[in-house]
Amino acid sequence: MSEQSIGRSGFPPAYLDRVGSSFTDFLATTAPELLPGRRPVPTLPVGDIAPHGTTIVAVTYEDGVLMGGDRRATMGNLISSRDIEKVYPADSYSVIGIAGAAGIAIEMVKLYQVELEHYEKIEGLTMSLDGKANRLAQMIRGNLGAAMQGLAVVPLFAGYDLDAAPGVTPGRIFSYDVTGGNYEERGYAAVGSGSLFAKNSLKKTWRSGLGADDATRTLVEALYDAADDDSATGGPDPVRRLYPIVYRVDAEGAVRLTDAEVAAIADTIVTERAEADRQNMPREA
């Protein structure tokens with residue numbers, strides 16, 4: 001860095017000028033090489049050698065929204081991690097779940113968290129939920145080159161809308177495609193390799209106006225059904241004490257459910273399924 005580029009205070013001009021409330025734009029000016037979208041794109045498909053996160057599920061309920069994810073990451077036909085975390089708080093009133101190339105996705109989440117915090121500090125207010133969804137879409141669009149080489153990141157975003165009109169469900173869910181397309185979902189959504197099976201489960205168990213407890217049961221059961229049919233989705237693992245990560249977002253903010261709470265729901269589902277199988281199995285003579 002040249003002396004001419006450094007101001008009297010010892011900082012480059014970009015650190016002193018008010019260039020906007022976007023941390024991503026600030027980073028693009030001061031250190032563009034740190035942005036995931038500015039890195040060299042692989043010349044060959046490399047998706048099979050990078051760990052990938054799988055199934056994420058979100059459901060709305062009467063007071064907000066829930067998001068959960070399994071704990072497995074895969075690399076080709078191998079299990080690369082059994083206890084990865086794929087659901088994170090984006091800020092006090094929103095959460096993000098990752099599916100796709102795990103390393104890039106986690107880095108994107110961290111950048112996104114800073115982006116929202118930076119906006120709040122600069123502007124003195126919280127970004128609207130639609131604004132948060134659009135900012136995330138821009139980040140995903142910046143990863144398009146890597147996505148074409150097998151390093152796609154397709155998150156699920158959900159939050160509590162502080163500006164929701166009376167009588168309107170405050171919990172909202174947004175899904176994306178690899179080009180940054182942003183789509184609001186109604187009621188429930190799922191992404192990742194087990195999303196087809198999770199959605200099929202939700203079609204039968206979710207309904208409008210669910211309470212928090214029933215919605216949590218619905219979400220955990222959808223992840224269980226996904227793990228039952230998709231090898232890349234991990235089911236409850238009582239031996240290792242690994243259970244889905246579940247966040248609840250309501251007027252009080254984003255709160256992670258304890259492992260004990262999720263384990264109790266998962267154990268109930270397993271017990272009920274085992275009992276149903278015993279009753280349906282034909283008895284030997």
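Modeller: Start with the word contact: it means heavy atoms within 4.5 Å. Keep in mind that this is a predicted model.

Biologist: What is Ala90 in contact with, leaving aside its neighbours within four places in sequence?

Modeller: By that cut-off, Ala90 is in contact with Val95, Ile96, Tyr112, Gln113, Leu116 and Phe157.

Biologist: Which residues have the most contacts inside the largest nonpolar core?

Modeller: They are Ala90, Ile96, Tyr112, Leu136, Phe157, Phe174 and Tyr176. That core has 27 residues. S6, H3, H4 and S10 each supply at least two residues of it. The largest share, 8 residues, comes from H3.

Biologist: What makes a set of residues a nonpolar core?

Modeller: Its members must be buried residues of the nonpolar kinds, such as Ala, Leu or Phe, joined through side-chain atoms within 4.5 Å.

Biologist: Now the sheet of 5 strands. What is its strand order, and is the pairing parallel or antiparallel?

Modeller: The order is S6-S7-S9-S10-S11, and the pairing is antiparallel.

Biologist: Why are S6 and S11 said to stand at the edges?

Modeller: Strand S6 (87–91) and strand S11 (182–185) each have a single partner strand, so one side of each is left without a neighbour in the sheet. Neighbouring strands of this sheet are turned by 25° against each other on average, direction ignored.

Biologist: How do you know that S6 and S7 pair?

Modeller: Pairing takes at least two bridges. S6 and strand S7 (residues 94–97) are joined by 4, running antiparallel. Val87 stands opposite Gly97 in S7.

Biologist: Which helices pack on this sheet?

Modeller: Helix H3 (residues 102–123) does, touching S6, S7 and strand S9 (156–160). The direction of H3 makes about 20° with that of S6. Helix H4 (residues 129–142) packs on the sheet too. H4 touches S6, S7, S9, strand S10 (171–176) and S11, and its direction makes about 15° with that of S10.

Biologist: Why is S3 called largely enclosed?

Modeller: Buried means under 20% relative accessible area. In S3, 6 of the 6 residues are buried, so the strand is largely enclosed by the rest of the structure.

Biologist: What are the pairing partners of S3?

Modeller: S2 is joined to S3 by 6 bridges, and the two run antiparallel. Ile56 stands opposite Gly69 in S3. S2 and S3 form a hairpin, with 2 residues between them. S3 also pairs with S13 in the antiparallel sense, over 5 bridges. There, the bridge partner of Val65 is Val249 in S13.

Biologist: Which other strands form a hairpin with 2 residues between them?

Modeller: S4 and S5 do. Gly76 in the turn has a positive phi of about 65°. Strand S4 (residues 73–75) and strand S5 (residues 78–81) run antiparallel and are joined by 3 bridges. Met75 has Leu78 in S5 as its bridge partner.

Biologist: How does the reach of H7 compare with the expected span?

Modeller: Helix H7 (residues 212–229) has 18 residues and reaches 26 Å from its first C-alpha to its last. That is close to the 26 Å expected at 1.5 Å a residue.

Biologist: What covers the buried residues of H7?

Modeller: The cover includes strand S2 (56–61), strand S3 (64–69), helix H6 (195–205), strand S13 (245–250) and helix H8 (259–280). Among the buried residues of H7 are Leu219, Leu223, Tyr224 and Ala226.

Note on methods: Residues are numbered from 1 along each chain as its sequence is written. This is a predicted model: local features need pLDDT of at least 70, side-chain atom pairs count only at pLDDT 80 or more; totals for chains, interfaces and linings use all residues. Side-chain values use heavy atoms; hydrogens and water are left out. The expected span of a helix is 1.5 Å times one less than its number of residues. Buried means under 20% relative accessible area, exposed over 50%, partly exposed in between (1.4 Å probe, protein chains only). Axes are lines fitted to C-alpha atoms, for helices over the stretch in contact, and angles run from 0 to 180 degrees between N-to-C directions.
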